[in-house]
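Colleague: I have a model open on my screen and would like to learn how to read it. Could you take me through it feature by feature?

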Amino acid sequence: MRRYSAFAIAREAARYHQGWERAWASPEPKKSYDAIIVGAGGHGLATAFYLGKNFGITNVAVIEKGWLGGGNTGRNTTIIRSNYLQDPSAAIYEKARSLYETMSQDLNYNVMFSPRGVIMLAQTHHEVRGYLRTAHANALQGVKTEFISPQRVKEIVPIINLDGPRYPVLGGLWQARGGTARHDAVAWGYARACSDMGMDILQKTEVTGIRKENGAVTGVETSRGFIGTKKLGIVVAGHSGVLADMAGFRLPIESVALQALVSEPIKPCMDCVVMANTVHGYMSQSDKGEMVIGGGADGYNNYTQRGSFHHIEETVRALVETFPMVSRLKMLRQWGGIVDMTGDRSPILSKTPVDGVFINCGWGTGGFKAIPGSGWGMAELMARGYSPLTAEFGLNRFKEGRFIDESVAAGVAH
Ligand SMILES: Cc1cc2nc3c(=O)[nH]c(=O)nc-3n(C[C@H](O)[C@H](O)[C@H](O)COP(=O)(O)OP(=O)(O)OC[C@H]3O[C@@H](n4cnc5c(N)ncnc54)[C@H](O)[C@@H]3O)c2cc1C
């Protein structure tokens, strides 16, 4: 594949952009692969990428029932941070954040990583204590965060209202190297790199069954026929329970729609990400000028990928308190994605009761930020059977009561 560069843009400009190659191929499925990943979201594609890059395993198919990046990866609000409480979380999220720093160069694809800083507002005394504790934990983990005063919050975000009618701002947890990236570009960049290594990305191909023999996987039934493999990675976010059912085991996961909305584009007014988890709304400004606004998860399990009126009301009410100027904005679009929630709000990256079947799920409302770290660890787990990054996130923790409680960092926040 030819590299993207300033020279390539100049060359193509001179010949009416006729010479660009397709970014990834659309092959026919082979009879079998050394490894199959189900789900061409960010986590599935990153897993395939690191299988190839770090372990030389390139006879791989990534099978996707829709279009690549069309699940939560293309629906999220793109917040990237690593200010989690527990050590295993800090390790995998910080690995991911650091990989985001060089992702555009590593993939030769501009993912528009923007380390503009993330503030999580403390609006109750309980939150102040929680974030102070997180800041201390982060210092021990080598993750750079700090608890900042309301005045400092106002300096960073001039449009904020510190004296909210219900909850005044008492401070904030600030991660200066957190930020955002372009979600589609992350999926497209990985897909292009996987295709370049000779992997097959099979879009519009639904996995409908998982075949086993003597307790080990032999392949998958798909809408394009049977495809054999001895190593299967299930990376399907909100559909994890459905795929686990096909393989014959159960997961401690609930699937819930999570919603977001976006405003009309306006002039630059806020150059960082702000999350107000008590009143429950968060906001950043996209490079196009739209205010990207996230809210809550539905209060009941479902598989709908659309928005609902009551969420607009709840989310916008929270934001108007925090940023009064929002009341003058028109909203453009609203949508939903199906997130996969675990009880301890931490992910599952694990072997399963079926030999050769691995699962990566449970990222809930906050897995976009984790994509490169998760792919790195999952690839190591699939290739070697063990990864230090994923070791604590096994399914057995639910049997053994070794929960990784991230309810402060991930219960509401994304
Ligand atoms: C509204 C919203 C806002 C969010 N905001 C943030 C945020 O700001 N920051 C953050 O870090 N995270 C955020 N998240 C969470 C984040 O989007 C997800 O954790 C992450 O994208 C999950 O990626 P994935 O690759 O695991 O799943 P997905 O991107 O959903 O990919 C899974 C893929 O599997 C495919 N699939 C399912 N079943 C089958 C089958 N039977 N056969 C073949 N393919 C199948 C699906 O079509 C899908 O494309 C948000 C999520 C939502 C919905």
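Modeller: Gladly; we will go through the domains, the ligand shell, the sheet and a few single residues.

Modeller: Please keep in mind that this is a predicted model, in which local features need pLDDT of at least 70 and side-chain atom pairs count only at pLDDT 80 or more, while totals for chains, interfaces and linings use all residues. Residues are numbered from 1 along each chain as its sequence is written.

Colleague: Which domains does the assignment of the chain give?

Modeller: Domain bounds come from an automatic or database domain assignment. Here that assignment gives domain 1 (25-79 + 183-252 + 345-410) and domain 2 (115-179 + 254-341). Their C-alpha centres lie 29 Å apart. The contact between them takes 17 residues from domain 1 and 17 residues from domain 2, where contact means C-beta atoms, placed from the backbone, within 7 Å. On the domain 1 side, helix H8 (240-247) and helix H12 (407-410) each supply at least two residues. Helices (H or I, at least four residues) and strands (E, at least two) are DSSP runs, numbered from the N terminus.

Colleague: Which residues come nearest to the ligand?

Modeller: A residue is near a molecule if its C-beta atom, placed from the backbone, lies within 6 Å of it. There are 39 residues around the ligand, and Gly39, Gly41, Gly71, Gly337 and Gly367 come nearest. Helix H2 (42-55), strand S13 (254-265) and strand S17 (331-341) are the elements that give two or more residues to this shell. Each of domain 1 and domain 2 contributes at least three residues. By class, the shell has 13 nonpolar, 21 polar and 5 charged residues; Ala, Val, Leu, Ile, Met, Phe, Trp, Tyr, Cys and Pro count as nonpolar, Asp, Glu, Lys and Arg as charged, and the others, Gly among them, as polar.

Colleague: What is the order of the strands in the open sheet?

Modeller: Two strands pair if DSSP finds at least two bridges between them. The open sheet has 8 strands in the order S5-S6-S4-S14-S15-S16-S13-S17, with mixed pairing. Strand S5 (146-148) and S17 are the edges; each has a single partner strand, so one side of each is left without a neighbour in the sheet. From one strand to the next, the twist averages 20°, with axes as lines fitted to C-alpha atoms, for helices over the stretch in contact, and angles running from 0 to 180 degrees between N-to-C directions.

Colleague: How many bridges join S13 to strand S16?

Modeller: S13 and S16 (residues 290-297) run antiparallel and are joined by 5 bridges. Leu261 stands opposite Ile293 in S16, and the bridge partner of Ala260 in S16 is Gly294. S13 also pairs with S17 in the antiparallel sense, over 10 bridges, with Ala257 opposite Ile338.

Colleague: How many residues of helix H1 are buried?

Modeller: Of the 9 residues of H1 (residues 6-14), the number buried is 0, so this helix lies largely in the open. Tyr16, which follows H1, has a positive phi, near 55°.

Note on methods
Two residues are in contact if their C-beta atoms, placed from the backbone, lie within 7 Å. A residue is buried if 20 or more other C-beta atoms lie within 10 Å of its own, exposed if 12 or fewer, and partly exposed in between; C-beta atoms are placed from the backbone.
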